[in-house]
Amino acid sequence: MTNRPERPAKALAPRALRERVWTAWFAVACSALILLAPTRVRANDATFSPPATTPAAPPTAQAPAGAASPPAAPSTTVATASAPALTLFVNVGASTLDRERIRAAIARELGVSVSLADNADATLRVSVLSDARLNVAYTSPAGEVLERTVDLPTQAERAEEVIALMAGNLSRDEAAELLASLTPKAAPNEASAPATIAAAPPPKPAALPKKPAPPRPEELRLHSDRPGVNASLLHPIALLPDSEKRVLALELSLLHGRVGAIQGMGLALGGITVEHQVDGAVYGMGFTRVTGPLRGLQASAFYSEGRGSLQGIASSGLVLYHPGPALGLTGGGLVTIDGDLQGASVSGIFGLAHDVRGMELSGLVSLVRGDLDGLLISGVFHASQRTRGIGLSGVAARSRSFQGLSVASVANVTGELDGVSLGLVNVGGNVRGVQIGLVNVAGELDGLQLGLANFARNGDTQLEAFSSNLSPANLGVKFRTGYAYSELGIGSPLSNREYSAFGGLGAHLPLGKFAIEPGARVSVTDDANANNSAPKRTDVHAQVRLSFALLPFFEPFVGGGARRGVHGVGLNQTEPEVFAGVAIF
């Protein structure tokens, strides 16, 4: 049996040749658009991805008549591995973007778990540059680094979407997948090869060239005969070119220096800006600005700003702005603005923080936008969402939820109180504890109010009238909340122009319709005809009274005790006292 000669392959027609050339150019153009565009094409809210191409089965020779058919090739299914968890480093720079919202947007885009990291060793790194541009870098498990820089929209929501889409493009390397799907395959021969000859496998698509690694702080290279040391007049006028891309052991600047990272010390008579992390100390007479994490000391005479995490001390003679997480001590002579703080924050006039575990101290005003666990002190006013610990204010305090001791000289306002509130005026929502002051107000009281005027939604306010052997006519108001009562009133002996004012407090012990109320009150008696401004006499009354709720709105009572003079007429004299009266609800 002789083999038939193979037919030569037909030459491509000019039209077919043009189509293949246009296909190749289209593949290159699509790749460039995906690599450079800040957004991705979406259809019906689904991410566009090229269809998976399955190579055609190799041609086989026709089997002779009567021969058994060869077994069908088993179908293979390629399992798609789920995307691995990513570590993410976010540097928002001077923008107002939120690191947590960026992390959530990337997690939704990739469908994997994403965790924030405080250093530039993360797998995915997002940086908002000073010229309103976005830099995203991704390190693959094989060590390959992909990096893109695009313009960043001004709207926060649009910017977060662009960041998530850029992260998805890099981490999934969609450009390489698209090129692979669009690369033309070698055309098979028109004539079928003999059965004994296997068809050649399709050629593999050419791999994309590797991108250079982004300039991480630990990989920044020094191109000077004196590595690690630089002097700057006014950036970029410096001994070392491209100082913003260098790791320096010592930076000395006269007006303004800008460096990549510092592992040692940076000093400036004017100001100094560090684009990445600081391990050591940085000081500027005018200002200091650190974009990345800082471990050590940051200080300035006028203004200090830290965007990354802090482990150490950050201070400024006037204003300190550190919205990143801090572990240590922060302080500003006038204003201190912190993010999440574990440690202590001190400010001369105004202090602001998010969550604090430690101490927040301000000479005038302190505001905590989140939770505070520890000590909150202000000279005039402080406010917090939720406080667990001690709050001290020279004038007023406000907290939506307070657990512990809250002291304010004038007004103390809490939403939920579980502890002690002390001030001239105490106002609370649901109170589980004690309010001590002249006026106490509570929504629902499960505890005690000690003051001259006490009000609670679950308490009683009564109008009382009574007569005693020492003061025949007395009229007052009684405030009863829980197991305590207080009273205010006036009295007169009716025989002369004398009058008295009294106030007291005591315990309310209910026994069915009866109640026993031991207590004490102070009375001040004066003569309307007297020219002397001092009261005629001041007395202290110890008393016990028994009341009976005859009707829901009518409660008669009787009692007795003793009166002792402490000032003026009747000084150190003790007299017995009995009284009877009625309280009307």
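**Note on a predicted model: a helix, a sheet and several salt bridges**

1. Ile 102 is found in helix α2, which covers residues 99-110; helices (H or I, at least four residues) and strands (E, at least two) are DSSP runs, numbered from the N terminus. This is a predicted model, in which local features need pLDDT of at least 70 and side-chain atom pairs count only at pLDDT 80 or more, while totals for chains, interfaces and linings use all residues. Residues are numbered from 1 along each chain as its sequence is written, and side-chain values use heavy atoms, with hydrogens and water left out.

2. Ile 102 counts as buried because its relative accessibility is 1%, where buried means under 20% relative accessible area, exposed means over 50%, and partly exposed lies in between (1.4 Å probe, protein chains only). Leaving aside neighbours within four places in sequence, Ile 102 is in contact with Val 90, Val 92, Leu 97, Glu 160 and Ile 163, contact meaning heavy atoms within 4.5 Å. The C-alpha atoms of Ile 102 and Glu 161 are separated by 8.4 Å, although these residues are 59 residues apart along the chain.

3. The helix that holds Ile 102, α2, lies across β3, β4 and β5 (124-128) and runs at about 160° to β4; axes here are lines fitted to C-alpha atoms, for helices over the stretch in contact, and angles run from 0 to 180 degrees between N-to-C directions.

4. Five strands form an open sheet with mixed pairing, in the order β4-β3-β5-β6-β7. Its edge strands, each pairing on one side only, are β4 (114-116) and β7 (145-151), and the twist averages 20° from one strand to the next. Two strands pair if DSSP finds at least two bridges between them; strand β3 (residues 86-91) and β4 pair in the parallel sense over three bridges, with Leu 86 standing opposite Val 114 in β4.

5. Thr 288, in strand β14 (residues 287-290), is buried, with a relative accessible area of 0%. The side chain of Thr 288 is joined to that of Gln 298 by a polar contact of 3.1 Å and to that of Ser 304 by one of 3.2 Å. A polar contact is a pair of N or O atoms within 3.5 Å; within protein, one must be able to donate a hydrogen and the other to accept it, and residues adjacent in sequence count only if both atoms are side-chain atoms. Beyond the neighbours within four places in sequence, the contacts of Thr 288 include Ile 272, Val 282, Tyr 303 and Glu 305.

6. The structure holds 22 salt bridges, a salt bridge being a side-chain nitrogen of Lys or Arg within 4 Å of a carboxyl oxygen of Asp or Glu. One of them joins the side chains of Glu 305 and Arg 289 (3.3 Å, N to O), linking distant parts of the chain, with Glu 305 in strand β16 (residues 303-306) and Arg 289 in strand β14, 16 residues apart. Both Glu 305 and Arg 289 are buried.

7. The side chains of Glu 577 and Arg 521 also meet in a salt bridge (3.0 Å, N to O). Glu 577 lies in strand β40 (residues 574-584) and Arg 521 in strand β37 (residues 514-527), so this pair ties together parts that are 56 residues apart in sequence. Glu 577 counts as buried at 3% relative accessibility, and Arg 521 is buried with a relative accessible area of 5%.
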